[in-house]
Amino acid sequence: MSQSPEETAVLAVDASILRELDILPGPVGVAPAVAVPAGRHAAPIEGAEHGRKHGVQADLAEATAQAALEPAPLAVRLATMAAVMLPPLALVAAMILAWGGWFGWIYVALLAAMYVISGLGITIGYHRLYTHKSFATRGPVAVLFAIFGGMAAQGPVIWWCATHRKHHQHSDHEHDPHSPHAGQEPGIRGAIKGFFHAHMGWLFQELTADMKRYVPDLLADRTTVRINSLFPLWVALGLVIPAAIAGLVTMSWMGVFLGFLWGGVVRICLLHHVTWSINSVCHIWGSRDYASGDESRNNPIFGILAFGEGWHNNHHAFPASARHGLKWWQFDSSWVIIRTLEKCGLASKVRLPSPDRLAARSTRARASKGE
Ligand SMILES: [Zn+2]
Ligand SMILES: [Zn+2]
């Protein structure tokens, strides 16, 4: 995670979006004042022309940002389609095989373990650490969470963060990449189309991301750019690890296949739909405890299934908060782990909304005041 002052200066960033979304400006895990020196914030990221002088890092960051501005090439579109369509087929295949006797609790255990590992990679890593910088961490912890998140097959970490920051900036308004409401016709037909678009339809649209605008801090971080470029490797690891473990436990090729199926592809299917439900379900059904300027909702079912991410209205009201389940009864397993990391000295700068800010945005308090 450490960078030389020279690299930091080369990749100095326009931090306006970071200020707007209340994101700490420095690379993950590094104190902001050290990572992006004062006076450098307004400078654009310098690109490939500086690559020779300052190493391949600037080239890779520039190439990553440039690629995101172009419509995805055919290979990426086909891979996206396969990643969305094949896991549900694998779920059906796994159930048919289980019905025929090809089943063992080892596969369910692998499914659960890989679901937790890759799910926390998304919630703690991709979302709360990389996108919102709601806490900082040191050494290999940030790297591990980004790799675990990659295993969820939801896209490279920098792309995921750019898309999600754009969602927060325009939540349920024009330019929100996955709102169930914005741009939809009224009535039941619009509601169904809106749900499908927010859940998974948006993945098939012409998606481009202005990374220099949305994720300049991540492009400036050498380790993050490398992890981002190795995304296919992390997806493959998420498939190979459960296959290898099941093969070793059962000492059979069928075990390898069923481990791949249950711990790999079926697990990806379940986590995909739970994560996508935060964009669809949690912008439609649930309570609104805080004024957030959008249609985000607190949904207890996805509070549990998505490791605390279902407290989505809380999150939109206080996006910088490391804790999404803000009431004592809103269980937030990602927050429990972040708090544990903090107690072990592995997390710092953990951000929480002040009591004053909570009270100012409370819909109940506003209603009682007649606002
Ligand atoms: Zn949202
Ligand atoms: Zn968020």
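The buried residues of helix 10 pack against helix 15 (253-279), where buried means 20 or more other C-beta atoms within 10 Å of a residue's own, with C-beta atoms placed from the backbone. In helix 10 these are Gly-194, His-197, Ala-198 and His-199. Helices here are DSSP runs (H or I, at least four residues), numbered from the N terminus. Helix 10 (residues 187-199) reaches 18 Å from its first C-alpha to its last, close to the 18 Å expected for its 13 residues, the expected span being 1.5 Å times one less than the number of residues.

This is a predicted model, in which local features need pLDDT of at least 70, side-chain atom pairs count only at pLDDT 80 or more, and totals for chains, interfaces and linings use all residues. Residues are numbered from 1 along each chain as its sequence is written, while chains are lettered from A and ligands numbered from 1 in the order in which they are written.

Asn-313 sits in helix 17 (residues 312-317). Asn-313 is buried because 26 other C-beta atoms lie within 10 Å. His-324 is 11 residues from Asn-313 in sequence and 8.7 Å away in space, C-alpha to C-alpha.

Technical notes: Helices (H or I, at least four residues) and strands (E, at least two) are DSSP runs, numbered from the N terminus. A residue is buried if 20 or more other C-beta atoms lie within 10 Å of its own, exposed if 12 or fewer, and partly exposed in between; C-beta atoms are placed from the backbone. Two residues are in contact if their C-beta atoms, placed from the backbone, lie within 7 Å.
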